[in-house]
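Please look over the sequence and the model shown here.

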Protein chains: 2
Amino acid sequence: MAERDREAPARCCSYHTVQRWFPVLRWLPQYSLGWLQLDLLAGVTVGLTVVPQALAYAEVAGLPVQYGLYSSFMGCFVYCLLGTSKDVTLGPTAIMSLLVSSYAFHDPAYAILLTFLSGCIQLAMGLLHLGFLLDFVSCPVIKGFTSAASVTISFNQVKNILGLHNIPRQFFLQVYHTFQRIGETRAGDALLGLVCLAVLVGLRAMKGHFPRIHRVELLSIRISRLIVWATATARNALVVLFAGLVAYSFQVMGSQPFTLTGETPRGLPPFQLPPFSKAEANSTVPFSEMVQVSAGLAVVPLMGLLETVAIAKAFGMGSWKELAFVPSARSLRTACNGAFGLCSRTAVNAQTGVCTPAGGLITGTLVLLSLAYLTSLFYYIPKAALAAVIICAVAPMFDARIFRTLWRVKRLDLVPLCVTFLLCFWEVQYGIVAGILVSGVLLLYTIARPRIKLSEHGVLLMQPASGLHFPAVESLRDAMHRWALAVSPPRCVILDCTHVSSLDYTVVMGLADLLQEFQKRGVTLTFSGLQGHVLQVLLSADLEGFQHFPSVEEAGK
Amino acid sequence: MAERDREAPARCCSYHTVQRWFPVLRWLPQYSLGWLQLDLLAGVTVGLTVVPQALAYAEVAGLPVQYGLYSSFMGCFVYCLLGTSKDVTLGPTAIMSLLVSSYAFHDPAYAILLTFLSGCIQLAMGLLHLGFLLDFVSCPVIKGFTSAASVTISFNQVKNILGLHNIPRQFFLQVYHTFQRIGETRAGDALLGLVCLAVLVGLRAMKGHFPRIHRVELLSIRISRLIVWATATARNALVVLFAGLVAYSFQVMGSQPFTLTGETPRGLPPFQLPPFSKAEANSTVPFSEMVQVSAGLAVVPLMGLLETVAIAKAFGMGSWKELAFVPSARSLRTACNGAFGLCSRTAVNAQTGVCTPAGGLITGTLVLLSLAYLTSLFYYIPKAALAAVIICAVAPMFDARIFRTLWRVKRLDLVPLCVTFLLCFWEVQYGIVAGILVSGVLLLYTIARPRIKLSEHGVLLMQPASGLHFPAVESLRDAMHRWALAVSPPRCVILDCTHVSSLDYTVVMGLADLLQEFQKRGVTLTFSGLQGHVLQVLLSADLEGFQHFPSVEEAGK
C-alpha cells in the first residue's frame, strides 16, 4: 500500500488509480454467490441493530425519531462505493448526537445545516492536508472525553426511564432536577425501562461468554447456539419490539402507562439542498442568523473527526486514518464519511462474517424499508425502552481503569485526562479543547525544558537528553550559566549533541551567544557527537570559536 | 545565583531575601562619592537622549508630547529601587508607541487605561508562571517583527519630514497617500528634516568610528575627543535644540516655515487612578465600552514582554529574562517594569560608565525638571526634527542580512520570518501572532513526524532520530506498517530507542498496539537501547510480548 502510494504519480490515470478512488471496483468483479449469502446475513443482523439505535440516537440529539433513520442509510450506501474496510458501517453515533443536541435546538433545520456545513469544513481540512493536527489529540484526552460522554448520555436517559418531562439539557441542572423530581417517577416507564435494561445487560453478558461454534458438534447443539447468538446480537431490536408490543396491548386495552414515541412521518423527506434560510411563523430567519445560531460549526466538524479517531483508536483499528482522513488523495473521499462513526454496528458486522462492503447495501435497504413500512408501528415504542438501548450502548465507553493505569504508567498524563473528564460535564466541547490544550502545553513544556545530563569528564560534560528546538535555547543558556559561567572559576564545557537531530536558527544564534560568553570568561565551549547535517548547519553559520570533536573522549583531551 | 535560588526556601525571611526583592539594598550601603560622579555624568547624558526621544515617541503614539515625558521618569525611579542591572534604563520605546497608537485613538484616557490594564495582565502572567511561553517566540519572528516595525515607524515619520497633514495611520494607505500628495511638501519642513537627518547620521557614524581614549595621550587631544564624544552622544538633544532655535528665530521674525509641536502643558498631571470611565461632550463612556474599544488588551501586554525579549535578545544580553519576567519570585517585581523597553538609552548608559542604578534617579530628575521648566520651549520644536530623531533611532532595527543568513543556515526558518515581516505591515500584532503560530506549527510538525532511520541489521532496525511524543505515534505506526508489516513476508523489527528520553501514555498504548499487530503477523518487535526510566515506564505498562535488549547487537542475535 505504502509502496503503491509512492509510485502513484507515474500512473495517475491508470485503472489502479480509479480503483484507489472507488474501491468498489476491487471486489465487485470477483463477487460470488457465497459472499452474497454471508453479506446478506450480516446486513440483516446489522440492520436489526441499526434501526433501534437510530431511533434512540435521534432521541439523544433531541430530534424527531425519523431523523435517526434518515441519517442511517446514506452512510451505508456511500461506504459501499467508497469504503475499503468490509467491517465498517457508518451511521449516527451517541456522541455526535449529544453534540448535535447542543446546537440544533430541537429543530431539524439547524441539524441539517450543521451537518452540511460540518461536511464542507471537514472536506476543506482534508484538501488542506490538516490531518496531522489530529495526532495532537492524545489518548488521555480521548479516554476522558469518551468516559464523560458515556456518563452524560447515560444520565440524560435516566429521565426517560423515570418518565420525567421538561428536564433541562445541561448536565448539572439535569442531575439536580432529576433528583429533585424523582417523586414524579411514572411507575410504568420505570418498570419497563429497568426490565429492558436487565434483559439487554443479560443478553450482552451471554454473548460475551459465548463459546465458539465447532463444526464437529451435534446439529441440535449448533442450532440452539445459533439461536442464542442471534437473540443476543439482535437484542436491541428484540427489546424494542417486545416493549412496543406491550405498549400496543395496553393501548388496545384503553390505558397507557408508558411514554410513547408518538407519530412518525412515513417515507423519505424530499431530496433537496440544506435549508439556508428558514421561514418562521411571521418572518424568515436568514442564513447569516442561522449560521450564528449554530455556534457548533467551530466544534462539530472537529469533534466528528475526533470521535472517529477516538472510536477507531479505542477499537484498536490499525488503519483508523482511512476512516477519519489522511493527508493524501484518500482524504477527499473519506472526509465525506469519516465523521459518522462506528461502534457496536461495526463489531456486529465483523462477527457475522461479512465479506465485502456490500453488507452495507443490505443494512441501508433495511433502514429504508423500515421507513417505508414500519413508521406507523414506531408510534408504540416506549421511550423508556429506547433509553435502555442507549444506556447499554454507551455504558461500556466508561473506562474506570484508565485512572489506575495512568497513575502506574505516567502520572503527568492524569492532568489532561482529569481536565477533559471534568470539563466535559460542563460542555463536551470545552472539555476536549481544554484537554488538547493542556496536553499541548505539557508537550511544549517538555520541549522547552529538555533534561540536560551533567557529568564530570575532566571538564563539565552537558548532554541534552533529547532534541534542541528553539524554545529550549533559554533553558540551555540558563543551565550553562548556572553550572559553568556563574561558578568561580568558570568551567570549560563539552556540549554532547548525540541526541540532537536538528537545529533551527534560534538555537544556532543561542549557541553563538554562548560561545561568545564563554570566550569572554576565558573558558571554552566544545561540541561533540554532532550528527552530519547538524554539523553542516553549525558550520554554515560561521560561529566564532566553534570547535567540534566526533566523540567526548577526543573533546576531553 | 542559581545555587541561591535553590536554597531560598530555607531562609525565606532573611536579609538576603529582602535583598533579592529590593536589589537597591545590595549597592546602597556601599555607595561612594566616586560612584556618584560617574552616575551623575551618565544620568545627565542619558537624560539628554531620553527627553527628545520621549517627545518623539509621543508623536509616534499619536499622543500630546508631554505624555512621552510622563512615561519616561517613572520607570527610572522604579528601576532604581527594584532593578539589578546598572546599565538598564526604562522608558517608552518606538515599538510600544506604535502599538499604543493603534488602540489609543489619539486620546490619552485610552492610552492610560491600556497601560494600566496591560500591567495587570503582565503581573497576572508573572504570578501564574507563564514566562516560559515567551520562549516560543523564535528569532526569525523577532527579526521579522523588528525589521517591519522599523520600516513602518520610519515611513510613518516621512509625512512629518515632508510637512504633510491628515495622512491615515494604516501603512499601505499611508504609503499611497504620502506619494499621492508628495506635491504638497512644505519646503521648510523638508529642508530642516533632511538636515537634521544628515547631522544625526553623521554624528552617529562619527561615534561608531570613535577610537578609545588612552590615558597616555595629550590632554588637549583627550579633551577634544571628549567633546566630540559628548556631541555625538547627546546628538538628539543638540539637533532638537538647534532646530528649536531656528524655529524660534523665524517666529521672532514673524514668519514660520515649519510645523511646530505647539502648546505643551507645564508640570505633572494629578496623581490619580486610571480613568475607568470617561465623560464626553454630552454623555459618559462606561468602563465596559472603554475596554471594548481598547481591543489592544489582548495584544499590548504580550507585545510589551515580547518587545523586551526582542530588544534584550537583539542586544545579546545574557539575563534578558530578568528584564521581561521569569517563572520565579523575581517575576512579580520585573513584570511591573519589564515592558518599557531599553535600547539606545541603555547603550548610552553603559558607555558613560554608569556604576549603579542610581544613574536612573538623575535621568528621572532631568525629565521632571524639563517638565517643570522647559515645556514653554517645547512649543518651538519643529515636528520634522523629532521625525529625524525617530527615524535615526529605529532605522538600525532593520536587518537585511537576516534573509541571506537564514537562506544559508536554515531555509525553513525563512517561512516564519517572511510571514511575520509581511503581515506586520498590515498590523504589527497580526504579524507577530501569525509568526509565532507558523513557527509553532513547524515545531509541532517536526515533533509529530520524527525522522526514523532505517538500517539492515539481520532484521530491520528502526531508530527514531529524536524523542517520541504522543503526536509521533501515528507516524511511527505508519513507518512500521510500510516497512515491516505491509511487505510480504512481514519482517521482524528492532526499535532502537537510544534517542528517546521520555514516553507518555499515548506512545505506550501505540507501542502496545504495534506489539499485538506484530504478534498477529507472526513476527517480533524488539526494543533496544532503552534508557532507565523509559524502560521503567514500559515495564509498568505490562505490555504483552515486550522484549528488551541493552544494545542492538544483543537484540539482533
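How many residues does the contact take from chain A and from chain B? It takes 60 residues from chain A and 60 residues from chain B, where contact means heavy atoms within 4.5 Å. This is a predicted model, in which local features need pLDDT of at least 70 and side-chain atom pairs count only at pLDDT 80 or more, while totals for chains, interfaces and linings use all residues. Residues are numbered from 1 along each chain as its sequence is written, chains are lettered from A and ligands numbered from 1 in the order in which they are written, and side-chain values use heavy atoms, with hydrogens and water left out.

The size of an interface is often given as the accessible area lost when the parts come together. Here chain A and chain B bury about 5,400 Å² between them, and 63% of that is on carbon and sulfur atoms. Buried area is the accessible area (1.4 Å probe) that two parts lose on being put together, summed over both.

Two salt bridges are counted between chain A and chain B; a salt bridge is a side-chain nitrogen of Lys or Arg within 4 Å of a carboxyl oxygen of Asp or Glu. In one salt bridge, the side chain of D135(A) meets that of R449(B), at 2.9 Å from N to O. On the side of chain A that touches chain B, several helices each supply at least two residues, among them α1 (2–7), α8 (139–162) and α23 (428–448) of chain A. Helices (H or I, at least four residues) and strands (E, at least two) are DSSP runs, numbered from the N terminus. α23(A) gives the most to this side, with eight residues.

Now turn to chain B. Five of its strands form an open sheet with mixed pairing, in the order β3-β4-β5-β6-β7; two strands pair if DSSP finds at least two bridges between them. β3 (452–457) and β7 (548–549) of chain B stand at the edges with a single partner strand each, so one side of each has no neighbour in the sheet. β3(B) runs antiparallel to β4(B) (residues 459–464), and six bridges join them. K453(B) has Q463(B) in β4(B) as its bridge partner.

Over all chains, the structure holds 16 salt bridges. K383(A) and E59(A) form a salt bridge whose closest N and O atoms are 3.7 Å apart. Because K383(A) lies in helix α20 (residues 383–394) and E59(A) in helix α4 (residues 33–61) of chain A, the pair ties together parts that are 324 residues apart in sequence.
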